[in-house]
Amino acid sequence: MADLGLPSWKDLPRVEGLPHGCAWGLFDKDGVRDEIGTLNLLTPETVVKARDEIQTGKSVVLNWPIDHVHEPGFGRIKPAINITDWRAKGSPWYSYDDEISLNTQSGSQWDGLRHWGHSGTGLYYNRIHHDEVLKTDRIGIDHWSKRGGIVGRGVLLDYVAYAARHNIQYDAMTRHRITLDVLKDIAKEQNVTFRPGDILLVRSGWIRWYNEHSAEERVAKVKNGSEYVGVDGSEEVVEWLWNNHFAAVGGDAIGFEAWPPQLPWCLHDYILALWGMPLGELWDLEALAKACETHKRWSFFITSSPLNTPGGIASPPNAIAIF
Ligand code: UVW
């Protein structure tokens with residue numbers, strides 16, 4: 001048994017009908033089926049320990065502007081912000097409202113546990129079938145609010161800076177894979193040692209690409225594209241992610257993992273469906289990377305309060321890193 005009483009990858013118990021590496025049942029308590037997966041690793045002790053990361057009081061917001069991605073891919077609707085002028089509508093008060101229409105997958109997001117089921121079986125975290133998801137609020141993103149949000153220690157692995165240091169040329173709009181050896185090498189060069197319950201963020205260069213390209217190029221590669229940079233979907237990465245006992249993982253890439261995934265090592269399957277681990281995508285890590293460089297420290301205190309949507313699928317992270 002590793003830290004926090006969790007089995008290591010090789011000792012994970014067999015779960016009927018699922019591949020090796022399924023964590024269902026590990027967080028169930030007193031006969032009650034768990035709904036929040038690896039967020040259980042954010043214990044009060046983990047949070048108290050994480051406060052040591054707050055040393056300068058400098059904070060960085062990790063949400064991208066809500067209208068980004070401007071022209072989403074995968075058939076998702078464009079974010080829309082409409083402002084109502086109540087004065088113009090005859091109100092005696094000087095007042096505006098805004099109405100935001102958003103596919104929570106179109107920009108900075110946590111994928112919640114109702115977003116993705118295991119590809120082979122259609123089962124979501126803790127054995128809820130795809131066809132059952134809409135008949136229940138179970139494993140909804142609102143459970144993250146009920147447990148007090150997401151608070152702990154964040155760690156950034158900056159692949160963009162690593163690639164520049166090592167003269168690695170790549171195109172973020174291809175299925176460029178960030179392999180386990182590289183992830184480990186970045187951690188070593190940044191002097192990062194992981195702790196159970198850490199929230200891992202990987203900067204892949206996806207958002208930097210977006211910032212540096214024209215509207216036409218974004219439409220060609222994002223709205224109409226299909227291949228993207230990300231963490232390598234491989235057995236060794238899956239094993240490493242589990243054995244580090246992260247509470248959540250995420251990054252600036254559109255799918256976190258190199259896209260499209262290739263079965264059987266689809267990271268979405270393991271992270272969301274088999275482990276119940278929040279998966280962050282399209283987080284704006286540009287200012288965070290600069291702050292880490294300035295502080296010469298790639299760990300920080302992090303808070304995130306996703307939308308408290310009953311039965312919700314995903315949400316902007318509303319995350320803040322504090323140094
Ligand atoms: C992609 O859109 C690439 O992934 P997800 O469905 O997790 O947002």
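A residue is called buried when its relative accessible area is under 20%, exposed when it is over 50%, and partly exposed in between (1.4 Å probe, protein chains only). Strands (E, at least two residues) and helices (H or I, at least four) are DSSP runs numbered from the N terminus. By these terms, strand β11 (residues 248-251) is buried at Ala248, Val249, Gly250 and Gly251.

The structure is a predicted model, in which local features need pLDDT of at least 70 and side-chain atom pairs count only at pLDDT 80 or more, while totals for chains, interfaces and linings use all residues. Residues are numbered from 1 along each chain as its sequence is written, and side-chain values use heavy atoms, with hydrogens and water left out.

- Strands count as paired if DSSP finds at least two bridges between them.
- Strand β9 (residues 199-203) runs parallel to β11 and is joined to it by four bridges; Val202 stands opposite Gly251.
- Strand β12 (residues 279-281) also runs parallel to β11, with two bridges, and Gly280 is the bridge partner of Gly250.

**Salt bridges**

- A salt bridge requires a side-chain nitrogen of Lys or Arg within 4 Å of a carboxyl oxygen of Asp or Glu, and the structure holds 13 of them.
- Glu53 pairs with Arg153, their closest N and O atoms being 3.6 Å apart; Glu53 lies in the loop between α1 (44-50) and β1 (59-61) and Arg153 in strand β7 (residues 150-158), 100 residues apart.
- Glu53 counts as buried because its relative accessible area is 7%, and Arg153 is likewise buried at 7%.
- Glu53 and Arg153 also belong to a salt-bridge network with Asp198 and Arg297.
- Arg203 and Asp158 meet at 3.0 Å, N to O; this pair links strands β9 and β7 across 45 residues, and both residues are buried.
- Glu293 and Lys296 form a salt bridge at 2.4 Å; Glu293 is partly exposed at 35% and Lys296 is exposed at 55%.

**Negative surface patch**

- A charge patch joins like charges within 9 Å, using residues with over 30% relative accessible area and no salt bridge.
- Asp181, Glu235, Glu236 and Glu239 form such a patch of negative charge.
- Helix α8 (residues 235-243) gives the most to this patch, with three residues.
- Asp181 belongs to helix α5 (residues 180-189) and counts as exposed because its relative accessibility is 57%.

Key
Patch = residues over 30% accessible without salt bridge, like charges linked within 9 Å, V, L, I, M, F, W, Y side chains within 5 Å. Areas by Shrake-Rupley, 256 points an atom, 1.4 Å probe, with all protein chains shown as cover. Lys, Arg positive; Asp, Glu negative; His and termini not counted. Charge placed at Lys NZ, Arg CZ, Asp CG, Glu CD.
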